[in-house]
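Student: I would like to learn how to read the features of a protein model. Please start with the general idea each time, then turn to the case at hand.

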Amino acid sequence: MAGAGGPGGSAPPWYHRDLSRAAAEELLARAGRDGGFLVRDSESVPGAYALCLLFQKHVHTYRILPDEEDFLAVQTSQGVQVRRFKTLSELISLYLQPNQGLVCTLLFPVEREKEKEGAEDRDYSDGEDEKPPLPPRSSTSSFSGSSVGLSPSSPGPAAADGAAESTNGLASISHEYLKGSYALDLEAVKAGASSLPHLHRTLVTSCKRLHSEVDKVLAGLEILSKVFDQQSSPMVSKILQQTAPQSGEQELESLVLKLSVLKDFLSSIEKKALKALQEMSSASPAVPAQPVSRRAKSIPVQTFEVKLDVTLGDLTKIGKSQKYTLSVDVEGGKLVVLKKQRDAQEDWNTFTYDKIRQLIKSQRVQNKLGIVFEKEKDRTQRKDFVFVSARKREAFCQLLQLMKNKHSQQDEPDMISIFIGTWNMGSVPPPKSITSWFTCKGLGKALDEVTASIPHDIYVFGTQENSVGDKEWVDFLRAVLRDFTDTEYRPVAVQSLWNIKVAVLVKPEHENRISHVSTSSVKTGIANTLGNKGAVGVSFMFNGTSFGFVNCHLTSGNEKTARRNQNYLDILRLLSLGDKQLSSFDISLRFTHLFWFGDLNYRLDMDIQEILNYISRKEFEPLLKVDQLNLEKEKHKVFLRFGEEEITFPPTYRYERGSRDTYVWHKQKPTGVRTNVPSWCDRILWKSYPETHVNCNAYGCTDDITTSDHSPVFGSFEVGVTSQFVSKKGLSKSSDQAYIEFESIEAIVKTASRTKFFIEFYSTCLEEFKKSCENDTQSSDNINFLKVQWSSRQLPTLKPILSEIEYLQDQHLLLTVKSLDGYESYGECVIALKSMIGSTAQQFLTYLSHRGEETGNIRGSMKVRVPAERLGTRERLYEWISVDKDEAAGGKARGQLSTRAPQECAKSMVRKPPGADPPTSTPSKAPEEPEKGSTAPTPRLPTPHRGTSRDEAALSRSKAEPVTEATGGPLKNSFNNPAYYVLEGVPHQLLAPDPPPPGKPPVPKTKAVPPERRRHPSAGPPPPCHEDTSSDEDPNPIALPPPDFPPPPLPRELEGAESTREPLGGVGCEPPPPKPHPRPSVPNFGLEVSAGVPVPGGVRDDRSCSVLQMAKTLSEVEYGGVGGGARGVRRRGRLELPPRCLHPDYSRPIAFASHCIRESIQEDLVEEALCQAGRGAGVSESNVGEWLRGLGLERYEEGLLHNGWDDLEFLSDITEEDLEEAGVLDPKHKRALLDSLQLRK
């Protein structure tokens, strides 16, 4: 291929090789001169280039393509003469002259900013050695496992590149023969020749590399042959010793001979091996064959001590003991509920797995769980139990899920468990016992001892500075798993880059469910050529769900944050995993679930003594605020929209070897003393498609493995998976075909270009990718952003290969917005079809990203039409557990109890036409009818200090928080990774009023900030609760969007309307108990609420997309009509509005329940409400507090309430043991409380 170098071989200053499109535009904008230009590699065509030219503040891109003879030419319009050049420099030299057809002459080459690297900046290992460890004999290796053994797998990028070069070389040799030498051979044949010398020469050249490869194979087989027979094959030895140069004719003959010998040699080895093994078996006594796999250990019956939550118990039995024992028999499929009586008698009920209809976790009380049992005559009963701890509750839920899954009638699983482990081994072999790592035992969020021994379905081990060989490492891991699980795990794949390794092991029963295994590696060491730093990855399909696993070791050093960021971007771009048809998408969008882990090496920006003081007090929140990874994520520089479980364990680096009590932060280097502050270098993050299930059950580190200066880190996940769907009705006919139809799409793209764009649509539910026409309208009010729109005429109708709703609700669409001038992507996104299914169009909104950078957003209107005869579906296992988010902190009124009720609401929302008015029978007042006093000015809150995270800053600036179901912020049990939200066919709550008179000044804008998981101390007291209303009958609940997505600003027509809205009344205004430093996904963008303006009730989030902050004027333009006129016109006095990213509650799983369950639960609620009404005001939590305050013992209120003692009548049954469990340890205080209760009786 024609090179970019000049005569001396060095690249010219205007050539930037692998510079991204966005970075090229940024460089040109910084230069700011018309005629400024640079050349970079094309992102869409391998071997092609892109000429980027700045003129009148717009960037114009021209593609430079190679032809079949490797000549270069600028792509031109049809009919324009093409000029060809041998080198890139020659091409640029021509266009430096005026009037050559470009928008302007090339005048000023823009050079790349150079990074100078001194000797002290070189990226060495974090281990004890000062030099990078020597790589193994093969610097990058991989193998994949099967039931037979280990076999070679796909090579890494380096090998792939070599293969590509080889293919191109052979193609060019063949091309040269056909273009030139072929005619000479033809003339020779016409002259009577019987040989083809030119073809012969071509074949010899083509097969040159094959000689050495065959020699290598023969040498390896000879060693194997000697194992069974000491004699060497004379023919093989002769071939291997042959060193004399050969002519072309002799070379071909020699190659044919080698291949013949290789064939015979393979056959002889098999015969030798068979003979040797037969002799061994006859000579030695018979040994009983070991079973291939042992019988897995059965799970013993587990018991849990609980107390019944009296508010849902039988109120007529107050005064009797409410202690229960729950016994879970996973193997037998039974749950025994045993009630302990005062007279030593016991009363129990046994429920089989199919009679347990739902588990409902309390969000406010972390150790409380509601269980819905099926009673006779299709009625259900709910009982709430309080466990000893939240960990016990989670263990109980996991056991019941396991029981449900074990006895399910489904052939394929809905959910699997995955262990992720990362460990920098410090170039030292592992100790004999590392079981604590495998069982998630140690510090932080660890598994309960009840569930720690239950094997995971998949184990993924990522190691750095691992000096053990690949095969030895896999054998060691399998032996450890075999010892404590009695299961022979099968290797799926192992990938290595020097001493960075990732190994994936799977249960035998899942082996046939795994397919499309792929491995890859990327070097990011010195000059991106050394493999002491870099990443290795494995990807595969588990039935219908794609998984990706990336283990990395990034640049070390406190001050190397920028280089670590670049390491991440290089890995994101270069790691070759997953479906090759998705090459337009980086690996963060290629997989349903992507897990990224390793020694990321991000450090803490704080003085060493302060860090040590915080660690000694176990105060991690201040340290997490200065964690470089968290800070870079907040800036959207790395791990865009990735999630991470809350960190509750101490920093895992840098310990003194042999101890976990001492951190060693001084390190002697040739350039002086280097300080390595204790840091969370070892991390586990993940990113999943929207509306999928992933829940982190454990995230912590071991405290008993001390051979390295890093502690091993573990994570345990439950992940929803889909089966390879088989339609019971066969392939879709035209009469019952499902369709995906788009009404309109609008994208705001971060670019200075003004080219036209088109959209490509990819999905596993499509036979092939589809393309839209070019956009029909575009506009820009900001030089750095472009708004492009497509109407329904420009958008394709997509036909899924299967039409069942059960299949389609698990599918996703991948979109990429590409330019017509360079066919390069300007942004990619993913959309879940689940919320788009319906007879009316649904609106979606999500962000665009490219190469790890947020590049804009995209929104539109679409619908997935499913034939009526294909609407059957079923409940998934992970939908069986829900979260009760409607518990008010101050009262006992209940809201929706399960996912079943919200699903009914969601369905009604989906079916509602977009233009319809909101229902008038909602329990809480509509935003159009403000309550008295709701417009009172809100005092300005103090600005949080600089160290405050964005999550807290946004909260501290929010006085009146919108009240939603999710009083506790984003949940972790399901759908906790949504990348976007959708408005399910419901008209927006914000309706534009009549425009103000011309002379009236506009009302200031207000931006709503959603409630968060915790309040900042400067945020003042929580907002007052409105009157409690049950949300069971609310047909239009609006869920809180997760905190990590920033929708675009409001159009200009809505700015005035926004200032007149009020807080929405409802259940659960009081915030949940504070949790230390929430860590899921990325932080909020805290936009201030203007003083004197209340927060709206209809809109949950008006935060702007980070890349669109500069393009404020763009977002104020109407949501332009892309078909049939403007969408912003009024209809019947109301304004048709753009979507506001409002999916009804991704934080809880959506289930399809029978109507009788909902009815019976609602009946129980009615009965409970009647009972509570009869009890009067003497049984509220506040009275418990008043009683304690009267005794001067208010300090015990929190402990009593936490343990379920929130009722004065219930307290009459309390014992000294119960008081001790609630934290009352002082004997005098216990006696005072018990005496007071006796007097009340």
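This is a predicted model: local features need pLDDT of at least 70, side-chain atom pairs count only at pLDDT 80 or more; totals for chains, interfaces and linings use all residues.

Tutor: Residues are numbered from 1 along each chain as its sequence is written, and side-chain values use heavy atoms, with hydrogens and water left out.

Student: What percentage of the residues in the protein chain is buried?

Tutor: Buried means under 20% relative accessible area, exposed over 50%, and partly exposed in between (1.4 Å probe, protein chains only). Of the 1241 residues in the protein chain, 56% are buried.

Student: Which residues have the most contacts inside the largest nonpolar core?

Tutor: A nonpolar core is a set of buried Ala, Val, Leu, Ile, Met, Phe, Trp, Tyr and Cys residues joined through side-chain atoms within 4.5 Å. The largest one has 48 residues, and Ile418, Phe540, Phe547 and Phe595 have the most contacts inside it. A second, separate core has 35 residues, including Tyr807 and Met862.

Student: Which residues other than glycine have a positive phi?

Tutor: Phe639 has phi near 50°, and Arg851 has a phi of about 50°. Phe639 is buried, at 0% relative accessibility, whereas Arg851 is partly exposed at 22%.

Student: Where is a cis peptide bond?

Tutor: Omega is the angle to read: it is about 5° for the cis peptide bond that joins Tyr653 and Arg654.
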